[in-house]
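Me: I would like to learn how to read a protein model. Please take me through a few features.

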Amino acid sequence: MHNDWGGQSFAHPPGRLPIVGDGRSVDPSRPLKSMVGHAEKLGEPIFEIQVFDQKFVFAASAELAAELCDEQRFVKVLPPAVDALREFAGDGLFTAHSHEHNWRLAHDLLRPAFTRTAMQSYHPVMVETLDELFDYWERLDGPVDVARDMTKLTLETLARAALSRDFSSFDGIDPHPFVAAMILALKSGQRIATLRTAPGGRLAVRRIRKRAQASQDYVDELLDDIIATRRAQPPSEHDLLGIMLSARHPETGEQLDDTNIRHQILTFLVAGHETTSGALSFALYYLSRDPEILARAHAEADAVLGPDRDTVPTFEQVPQFRYLRRVLDESLRLWPTAPGFGRGPRETTTLSTGHVMRPQDWAIVLLPAVHRDPAVWGDDAERFDPDRFLPENSRGRLPHSYKPWGTGERSCIGRQFAQQEAILVLARLLHRYEITGDPDYELDIAERLTIVPKGFELRLTPRTPQRVAPDRPHGDPESDGSEPPSATCPHASARADGLDAQA
């Protein structure tokens, strides 16, 4: 995937060397941290990193990101790290090229899986799985590893909603063999992306593929067996797999073949559970660091759910947690768990920076930099403040300046599932527990396919919810009384917050 931009020059880190280029300025274990640091130091809307013969171009300003999100001029492209995942997840929704037939077919067929009716059917699964996490925590002695346990929760929820399959995530500390094999295959894909253009990289890539083959085969065979078993049963659309097996395109009558169904399942399991677990983990980190924000979140949970800590929110109650929704949005602003996406032009075009971009060129929208652009978010952009997303504070904000779910048609099809689950989890967790973090902990980021806090633990203490007066606006004394965004509408937050809302 060559990306030379016709030899045009960009800002880049100082100290570039022959052959390795800017490789010394990139921490291979923390590439995202390196890129965000370069964006801050260079202070340019667009910059490049040259590693061996591969050029990576990054858009770091909100204004340039908005330009690249123009669907009339630009489309999604797959940067090397995502392209390498095709070896594992094939042409699933996340890894498919926009021109591939299966992307359009799957996108059209899977939309019914995220209607309001479908989301209502997933709600009991989310509730039941969260109850199992609470039981698991009751058996533990000491603090909980937040990222580990949020990952257990979100993977188990997705597996049950997508496959009606239980991966026994709460039976012990160690993950199910499927999870371990899936992670190994993913890590192998990421290493392949890094080594493809390095000197001697072809030999290294062959070795990595050989070592990962057993894990890849295990994952593929397990999912193929699940699909074959369900094929032999009477049709049922009670889960995502059932929808994929029976749905036909309304115009052509086409169906997904079994190989692509496997790729779609992998896409949802991999991309879906990691992004949601990271968002929850960052939200809990920030809640634990600010007593005032935590108190407002507790008050909202108590106002909606009442004095009984075992109360379960109904599906219809989830959108009432407006402050928790803003906590989630602000967490994803500072740490978008899918931290970037690639864009390329439909035809040769000139950017506002003066650079000419051809159809074979691509740039990565670097979301942690875009979401911290002081031109949009102010001089305190590094500060965690959920009230940035109050309607009156968002009105007039530059469109496309907040893109944690991607953009356009290629934005995350399952984002309403993730939002519904994340707000449900935060509401119930804060209703049941006091949370206390280690005051000496400094936020450290683990960079996987997505990003999560590393080594972050919480102590959970059973709490007694407070009675909140009926006329109190759900623990949100500054609420303007407007209707809360629906947790089942994919673009509700964007509309309510004055941000863009693309289909």
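This is a predicted model: local features need pLDDT of at least 70, side-chain atom pairs count only at pLDDT 80 or more; totals for chains, interfaces and linings use all residues.

Me: How many disulfides does the structure hold?

Reply: A disulfide is a covalent bond between the sulfur atoms of two cysteines. Here the term is used for a pair of cysteine sulfur atoms within 2.5 Å. The structure holds zero. For cysteine 69, the closest cysteine sulfur is in cysteine 412, and at 15 Å that is too far for a bond.

Me: Is cysteine 69 buried or exposed?

Reply: Buried means under 20% relative accessible area, exposed means over 50%, and partly exposed lies in between (1.4 Å probe, protein chains only). Cysteine 69 has 1% and is buried, whereas cysteine 412, at 32%, is partly exposed. Of the 503 residues of the chain, 57% are buried.

Me: Which secondary structure does the chain have?

Reply: Helices (H or I, at least four residues) and strands (E, at least two) are DSSP runs, numbered from the N terminus. The chain has 18 helices and twelve strands.

Me: What share of contacts joins residues at least 24 apart?

Reply: Contact means heavy atoms within 4.5 Å. Among contacts in the chain between residues at least 6 apart in sequence, the share is 74%.

Definitions and conventions
Residues are numbered from 1 along each chain as its sequence is written. Side-chain values use heavy atoms; hydrogens and water are left out.
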